[in-house]
Amino acid sequence: MATTAQPPTTPNDYSTVTKTLDLLATRWSVWVLMTLSSQPLRYAEIKSRLPWLADGQLHPRLRHLTNAGVVERTEYAPRHVTYGLTGRGTELLPVLAVIASWGDTYLEKQLVTSKAIGELEPERIPPAQNIDDTITLIAPRHATPILMTLQVRGRASAKTLATEAMPGYGLNAVYKPLDRLVADGLVTATASGDFQLSAGGRALAPVFQAITAWAVLPSAGADPLRRPGTAPSQTRSGMWATTPTRLPTPAIPAASSAGPALATTPPPDGPAWKSSDLFSHQIPARPITPAGGPRR
């Protein structure tokens, strides 16, 4: 039976998480943030580390992140400008590590033949791609409020979710985002017709907690956020997700002088950040199941 008590999560909590996800969901934003994670860089240096991005793609990303208060543009001379992380941007790096850790654990991976033992093993996915793919799953409209409501309640009916996660919308409006979350393996339907989180969905709790802490509790003196399935195949480690995927980027290695992809200490069970992590693998196709998790 669905729980009827009002959860402590508020629409404002949903809003802060949603705004942060909107900031990160803009394509290539995560890659730019991680490129700047170790030191400020000039435009040409950023471009050399993200060689598949044309000027028409990189300039808007830098402007987007600068307007959001996580990247700052410093002009030393008319032709000497650098971009680097602000204090808020630096504080976002541990949040990205939490998101990457969830993606590395729960998102689908291709099974590839190990050169060492000659057996199939999950491929290694760059942290930036794990972050992008996780955000692609949870950033669609109404997904976060539904997931956060189920985090608190444990189980709820469609009517309860419509009322608490989507106030102002009718009951029918909740079924489309619910169906997507079920297909992506983050939510399951119970025999009684209620909904609850899958194992992967429940494991998103640290992700939402980290995002909320960053968005709601900025450091003293820092600027606030300024932005208003199917069964797995034999060559896959998990299910396909229905969330539309990003187009693959060329598998272009980073320049040998590139700095660390993410200069932060990962969580104990999180991925290890290495200088080649950002670029060393071609972006896979998409998101996994409760056994492996959803992916891109």
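The model is a predicted one, in which local features need pLDDT of at least 70 and side-chain atom pairs count only at pLDDT 80 or more, while totals for chains, interfaces and linings use all residues. Residues are numbered from 1 along each chain as its sequence is written, and side-chain values use heavy atoms, with hydrogens and water left out. The pairing of E2 with E3 belongs to an open, antiparallel sheet of three strands in the order E1-E3-E2. The edges of this sheet are taken by E1 and strand E2 (71-77), each with a single partner strand, so one side of each is left without a neighbour in the sheet. In general, strands of a sheet pair through backbone hydrogen bonds, either parallel or antiparallel.

Over the whole protein chain, the secondary structure comes to eleven helices and seven strands, both taken as DSSP runs numbered from the N terminus, with at least four residues (H or I) for a helix and at least two (E) for a strand. Of the 296 residues, 49% count as buried, a term that denotes under 20% relative accessible area, as against over 50% for exposed and partly exposed in between (1.4 Å probe, protein chains only). The chain exposes about 13500 Å², of which carbon and sulfur atoms supply 55%, the areas coming from the Shrake-Rupley method.

Helix H4 (residues 55-67) has 13 residues and reaches 18 Å from its first C-alpha to its last, close to the 18 Å expected at 1.5 Å a residue, the expected span being 1.5 Å times one less than the number of residues. The buried residues of H4 are Leu58, Arg61, Leu62, His64 and Leu65. Seen down the helix axis, these buried residues fall within an arc of 160 degrees, so they line one face of H4; the arc is that of the directions from the axis to the C-beta atoms. Gly56 and Asn67, on the other side of H4, are exposed, and the helix is followed by Gly69, whose phi is positive, near 85 degrees.

Aromatic pairs, defined for rings of Phe, Tyr and Trp (its six-membered ring) with centres within 6.5 Å and classed as stacked under 30 degrees between planes, edge-to-face over 60 and tilted for the rest, number four. Trp28 and Trp31 form an edge-to-face pair, at 5.9 Å centre to centre and 70 degrees between the planes, and both residues are buried. The ring centres of Trp28 and Trp52 lie 5.7 Å apart with the planes at 55 degrees, so this pair is tilted. Because Trp28 lies in the loop between helix H1 (11-25) and H2 and Trp52 in the loop between helix H3 (43-49) and H4, the pair ties together parts that are 24 residues apart in sequence. Trp52 is buried, as is Trp28, and ring pairs link Trp28, Trp31 and Trp52 into a cluster.

Two serines in loops were also examined. Ser37, in the loop between helix H2 (29-35) and strand E1 (41-42), is buried, with a relative accessible area of 9%, and a polar atom of its side chain lies 2.7 Å from the backbone oxygen of Met34. Ser192, in the loop between strand E6 (187-189) and strand E7 (195-197), counts as exposed at 52% relative accessibility.

Notes
Accessible areas come from the Shrake-Rupley method with a 1.4 Å probe; for residues, only the protein chains shown count as cover. A polar contact is a pair of N or O atoms within 3.5 Å; within protein, one must be able to donate a hydrogen and the other to accept it, and residues adjacent in sequence count only if both atoms are side-chain atoms. Two strands pair if DSSP finds at least two bridges between them.
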